[in-house]
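Visitor: I have a protein model on my screen and would like to learn how to read it. Could we go through it together, one feature at a time?

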Amino acid sequence: MSYRTIYQIENETVSERFMLVVERIRQIPKQQDTEDGFRDYFQRTSEWICLTLEVLAMEKEGRLDNRSLEECEQLNKRLYADVLPENYDASYANPAYAVQKLGEGFGGLLSFLYTECRALAAYAFEGRIMHMTILLELYMEIYTRFCDPQGTNPEEIHRIIYWHFHDYTEITVTQAVRESVDPKLDFFTGIVRNADFDSLTYLYRYGEYITENERRTAQYLAGLPQEQIQAMADTFTEGYRMGFAVTGKDLAKKKSVSIHYAAGFERIVRKAMENFAAMGLSAIIFRDPVSSINGRGHGRRGCSSTRANRQFDYDHRNDSAYYLDKAFVERRLEVLRGAYETYKDAAGVFGGPAVQEVFGEPPFAPVNKKEAARFDGKQQQLNVYYANQSGQITNQYIKGEEKSYTMIAYPLPQIGKDYEQIFAQTVRLNTLDYMHYREMQQKLIDVLDQALYVHITGKGKNQTDLRVAIRQLEHPDRETAFENCVADVNIPVGEVFTSPVLKGTDGILHVTGVYLHGLFYKDLKITFADGMIRDYACANFKEEAENRRYIYENVLMQHETLPMGEFAIGTNTTAYRMARDYQIQDKLPILIAEKTGPHFAVGDTCYSHAEDTAVYNPDGKQIMAKENACSMLRKQDPSKAYFNCHTDITIPYDELDQITVHCADGSTIAVIRDGKFAVPGTQALNEPLVSE
């Protein structure tokens, strides 16, 4: 049973409702039933909705698969024109414009409604009439209220929105769970398998925003030898296989893998799907979320493309504030558990994600708008509560100790004129001799394992002064505190890491500029006391309160504090040199950036939900530092053990002064001195750091 059959069965249950609501919406642009102040909003929004209905008609008739490239491009522009930066100032998707035109009471609500309706485009390309019907009925109900001669008020509109999301949680949440574990929903895998790569029209079949990034990526890969495409796919899938092998997990028990990638990379993805099939794994690909209920705009997941407008995404990142309360959260958790119970067989054989990231987009520093939706204090607590509870539910059905993952990254053409050279250098990074790094990293670990604590200091404008406490070993001959991370789950090669002891981990972590989850932070400073964040600041905005809120929402993920979940030393100085040579330090993804200097993760440890699984380094020593004082609570009170986030913050080598091991006997050993590796046998790591 394919996705078409599945959706056909669902669609038949709402066919009459769909026809009725569509007939009414098509009349709106011709009517004058609303007050003058709202007429433009409903006419423009209804016209855009009618465009998605045209897409649906094309999908039903099979015309989406037989368009010329020019036709594809024209439709893509029409669907996304309204939210592009050059048009955004006069778009109802912009909450500031909506409030200006519609008033403070209705502006934010109707901007939210229009933004939510934009999911209709994705549903139309997939032929999901049931999901379109639900959303169209919400729109029509609100429009009808504005046509009432007695008028309406913001409270009534807010109430309609709330009950819509409450009533349809079972459908939306269940769909999201199924998409994540069920290979039978094969809309995306079907595109990858069947695409004619000689024509770029296949890129437009997704319904995603397509730019020169996607087109040029596809064209560049088309010009590479088939052997190189196969080699890149092999690196990707072998990393996934090794993730199971090195942690002693049984890959044979798994039947599926989810692939996350950017449009344009289908040649590699197709080969990766074939490789996974040879391992007995069916590919799962789902769409980057398009509804606020599933976290629209919160990073890239599934199949994605270049963002049409990152400010638009940022403005609507908290849209669920319009319906989030305790009753909704409890209902959603109830539905989530039921959805996993329904698909427990598929969830039980799901192996985990294989993620192909991209980098190269221009740096983005957002503008904070007072008109955008914001969570109040209670909602922030509910978000934390939901993340914790949903994480526990998910782990019951997709057990952390039985799954694995892999991640790799490639540049986008938007990175600049040296795109092809940077791409070639990135392929080189992804295939560095891991045995050579493993040997040098082991020498670092042999020194670090002697530490009572490690002292890290910055230089120049960098004010870092951190003391990180290290797990003490009872049997150093067969135990270690640091993992020797080579190119398996995290590609490229290049780091050693540990879960710090929280008590005794104190000081200031500072970076003059860093991008985290796609957002820029100027002079980010985090203060730790006994391993927990005590204070934080940055210099993005004029008001200190705005800076603190920015960090609270996007680094602390609305927790009052977070532990230092990881301390690591990145050893991939080749990646650092590549970034410096091409001046792309601000464009590197964290996957590569974390390998280019010492980094510190706030949130969960790298072993979250898998602390009790024995893990060994290549030298045979068992890794003992897999938990901290927070994650130790998992058996007594899981709600206090996990934070469901993990954000790496890297100090670049040119801002780094020293990393020094302080031993229990009072002696010290230099690991890095003046930004260079000082441990004997690691001098080769310094070669890329020396200017030619």
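Visitor: Which residues lie nearest the centre of the second largest pocket, and how many residues line it?

Guide: The general idea comes first: rolling a probe the size of a water molecule over the atoms shows where empty space is left. On a 1 Å grid over the protein atoms alone, a cavity is a set of points where a 1.4 Å probe fits but cannot get out, while a pocket is an open set with protein on both sides within 12 Å along at least five of seven lines; lining residues have an atom within 4 Å of a point. Here the second largest pocket is lined by 19 residues, and Gly513, Val514, Gln585, Asp586 and Pro652 lie nearest its centre. This is a predicted model, where local features need pLDDT of at least 70 and side-chain atom pairs count only at pLDDT 80 or more, while totals for chains, interfaces and linings use all residues. Residues are numbered from 1 along each chain as its sequence is written, and side-chain values use heavy atoms, with hydrogens and water left out.

Visitor: What volume does that pocket have, and which element gives the most to its lining?

Guide: Its volume is about 420 Å³, where a volume is the space filled by probe spheres set on the grid points, joined across faces, edges and corners. Helices (H or I, at least four residues) and strands (E, at least two) are DSSP runs, numbered from the N terminus. Strand E11 (501-516), helix H22 (573-581) and helix H23 (590-593) each supply at least two lining residues, and E11 gives the most, with 4 residues. By class, the lining of this pocket has 10 nonpolar, 5 polar and 4 charged residues. Ala, Val, Leu, Ile, Met, Phe, Trp, Tyr, Cys and Pro count as nonpolar, Asp, Glu, Lys and Arg as charged, and the others, Gly among them, as polar.

Visitor: Let me try single residues. Is threonine 647 buried or exposed?

Guide: Buried means under 20% relative accessible area, exposed over 50%, and partly exposed in between (1.4 Å probe, protein chains only). Threonine 647, in strand E17 (residues 646-650), counts as buried because its relative accessibility is 2%. A polar contact of 2.9 Å joins its side chain to that of histidine 517; such a contact is a pair of N or O atoms within 3.5 Å, where within protein one must be able to donate a hydrogen and the other to accept it, and residues adjacent in sequence count only if both atoms are side-chain atoms.

Visitor: And how does threonine 5 count?

Guide: Threonine 5 lies in helix H1 and counts as partly exposed, because its relative accessibility is 33%. Threonine 5 and leucine 185 are 180 residues apart in sequence and 9.6 Å apart in space, C-alpha to C-alpha.

Visitor: Which way do the side chains of strand E10 point?

Guide: In a regular strand the side chains alternate between the two faces of the sheet. From strand E10 (residues 495-498), Glu495 and Phe497 point one way and Val496 and Thr498 the other way, and all are buried.

Visitor: Which strands pair with E10?

Guide: Strands of a sheet pair through backbone hydrogen bonds, either parallel or antiparallel. Two strands pair if DSSP finds at least two bridges between them. Strand E9 (residues 483-485) runs antiparallel to E10, joined by 3 bridges, and cysteine 485 stands opposite glutamate 495. E10 also pairs with strand E14 (residues 564-570) in the antiparallel sense, over 4 bridges, and there threonine 498 stands opposite phenylalanine 567.

Visitor: Finally, what is the strand order in the open sheet of 8 strands?

Guide: The order is E13-E12-E11-E7-E6-E18-E19-E20, with antiparallel pairing. Strand E13 (532-537) and strand E20 (676-677) stand at the edges, each with a single partner strand, so one side of each is left without a neighbour in the sheet.
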